[in-house]
Amino acid sequence: MSTVFDFRGAPGTGWSQPEPISTPSDTIPERLRRRHLPHWPRASEPELVRHYTGLSQKTFGIDTGFYPLGSCTMKHNPRVNERIALMPGIDRIHPLQEDSQVQGLLSIFYEMQEMLAICSGMDAVTLQPVAGAQGEFTAIRCIQEYHRSNGESHRDKVIVPDSAHGTNPASASMCGYQVVEIPSASDGRLDIEALKAAVGPDTAAMMITNPSTLGLFETNIVEASRIVHEAGGQMYYDGANFNAIIGKTDPGRMGFDAVHYNLHKTFSQPHGGGGPGSGPIGVKGHLSQFLPTPVASRRESVEGDSTGVEDGYWYFWADVGERSIGKVQQWNGNAGAVVRAWAFYRRYGRELERMSEYAVLNSNYLRNRIMNPNPDVAAKIHCMPAEGAQADLVMHEFTLSMSPVKELNGVTGKDVAKRLLDYGYMSPTLYFPQIVPECLMIEPTETESKEVLDKFAADFHAILSEDPEIVTSAPHTTPVKRVDEVWAARKLILRHPITDSED
C-alpha cells in the first residue's frame, strides 16, 4: 500500500523546496495567477522513500522480467555503459563548450558515426535525431531535397508495404508525400508484382523493414531495390529490426540509400517508458550533403597549428554544406544515448555478429516451443503467415494469430496478453502488424536464457488451457486491473485529483 500523505501540510518534509511566492510578479497576467497556494504533499523522508519505492515496485521493466515486446528489442542494458555515460568528462559538460574542451565526447561521436556507417554499408551518418520516427522523417527529408535538387519535385509518392511500421507512412505524410500501400504476398513477404505496378515517374522512395514485422527476411530485396531505382526512386531502410542482421549483411548490400538506426534497440540504450531514444541516420554519398548539420569530424593535427595539438587527431563540429536540411534536434542529439551505444559497440565490435545469431536462434527456438504444444492447445494458435511459410525459419521475432482460440471459446489476443501479466511477463506486441488477425508479435532477444524461454512457452500453453472466464477477465494480480480502454481514451483525466479546480 502506498503512503497516504497529509496534503494539508505537516511540520516536516523529506525534501527541500523554496518558500512559496505569495505575491506574484506583475508580469504574470491576472487570469494565470493562482488564487490559492498549491497543495503540495508534506511527508517525512522515510515516508517519501517508501512512496517512491512502492511506485517502482509496481512498474514492470526489463530488469523485472521477460519483456517479449515484438519489434522493440527490449533486451538487457549492460550496466558498464551507465558508468561510462556518467563519467565527469562526459556527464558534466555543456553543449556550447568550445570544441577544444570536449575532445573526448567529440571523438566518441565521430567513432559512433564511423561504426554505424561500416555496419550498415552507408557512407555518412548523423547522430542528431533522437527517436526512430525522427530518424525516418530526417532521412525522407534528405531524399526529398535530393529530388528537388535534381529538378524532380514532381516525385510525390512513397511506397510502403502493408506490414510496415505505422511511423513509415506517418513520416512520409509529414514530409508532404502521398503514401502508396502495397499488399504482402501469400507467404508474408513483399509482393514484387505489386511493387512493379506501384512504381512510376512520381515515385520518390520506398520505405521497408528487413526483416519484416512478420520476422521474415525479404529474399527479393535486391530485386525490389532495382525496380525502385530504375523508376528513379530511392530506397529507405527502417532499422527497427537491424538487431537480426548486423554482421551478416547490411542495408548497403541490399541496395538501400538511407537507413535509420535505433540505438535504443540494437545498441542497448535503455528505452523503457517511452525514452530517451536515439535514431541516427546513415546515407549513401549522394545524400550526404543534405544531412542535418553539424556532424562530428576530425583532421590530423600538425605542429604549430591553431588547435594547439601537436600530434594525433583534432575533433570538431563541421557543417555539411549549404544544402543541409538544417537541425532536427537541439544541440547535437541525445548525447547520453550515443555514449551508451558507443560503449556497447566498442565492447563487442565484431562479436556483434553473435548478437544477431543468438537473437535469431532464440526466436526460432521459442517459436518452435510454442508451436509444438500438447494436443489440448495445438488447435488454438497459428503461426503467421498461415500460407506458404509455415516451415520457414523466422528471424529475430515471430507473429502468432489467436483467431483459432477466439473462435473456439471467445478468448482474444488481448485476453492472452493481459493474462500473461499475471504470470509475471510483459505482454508481447498486440494487434500488430494489422495484417495478422488477433496478432501477438513476440521478440525474445539474444539476452534471454533457454530456461526463461522454456518457462514462457509452458506458461503460454497453460493460459490456453485455462477456464476462458479467467483469461477474459485478466489481469488479476496487477496493481491496476483491466481497464476500459475506450472510456479512458475518450475521457482523459489530465488534472491531479487533489488539485483545487479553482486553481
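Two strands are said to pair if DSSP finds at least two bridges between them, and strands (E, at least two residues) and helices (H or I, at least four) are DSSP runs numbered from the N terminus. This is a predicted model, in which local features need pLDDT of at least 70 and side-chain atom pairs count only at pLDDT 80 or more, while totals for chains, interfaces and linings use all residues. Residues are numbered from 1 along each chain as its sequence is written, and side-chain values use heavy atoms, with hydrogens and water left out.

Strand S6 pairs with both S5 and S7, as the table sets out.

| Pair | Sense | Bridges | One bridge |
|---|---|---|---|
| S5 and S6 | parallel | 4 bridges | Tyr237 with Val259 |
| S6 and S7 | antiparallel | 3 bridges | Val259 with Gly282 |

Ala258 and His260 point one way from S6, whereas Val259 and Tyr261 point the other way, and all are buried, that is, under 20% relative accessible area with a 1.4 Å probe and protein chains only.

Helix H5, residues 132-149, reaches 26 Å from its first C-alpha to its last. Because 14 of its 18 residues are buried, H5 is largely enclosed by the rest of the structure. Just after H5, Gly151 takes a positive phi of about 70 degrees.

A nonpolar core is a set of buried Ala, Val, Leu, Ile, Met, Phe, Trp, Tyr and Cys residues joined through side-chain atoms within 4.5 Å. The largest has 55 residues, and Met112 and Phe242 are among those with the most contacts inside it; H4 supplies its largest share, 10 residues. A second, separate core of 29 residues includes Leu214 and Phe398.

How values were computed:
Buried < 20%, exposed > 50% of the residue type's maximum accessible area, 1.4 Å probe, protein only. Expected span 1.5 Å × (residues − 1).
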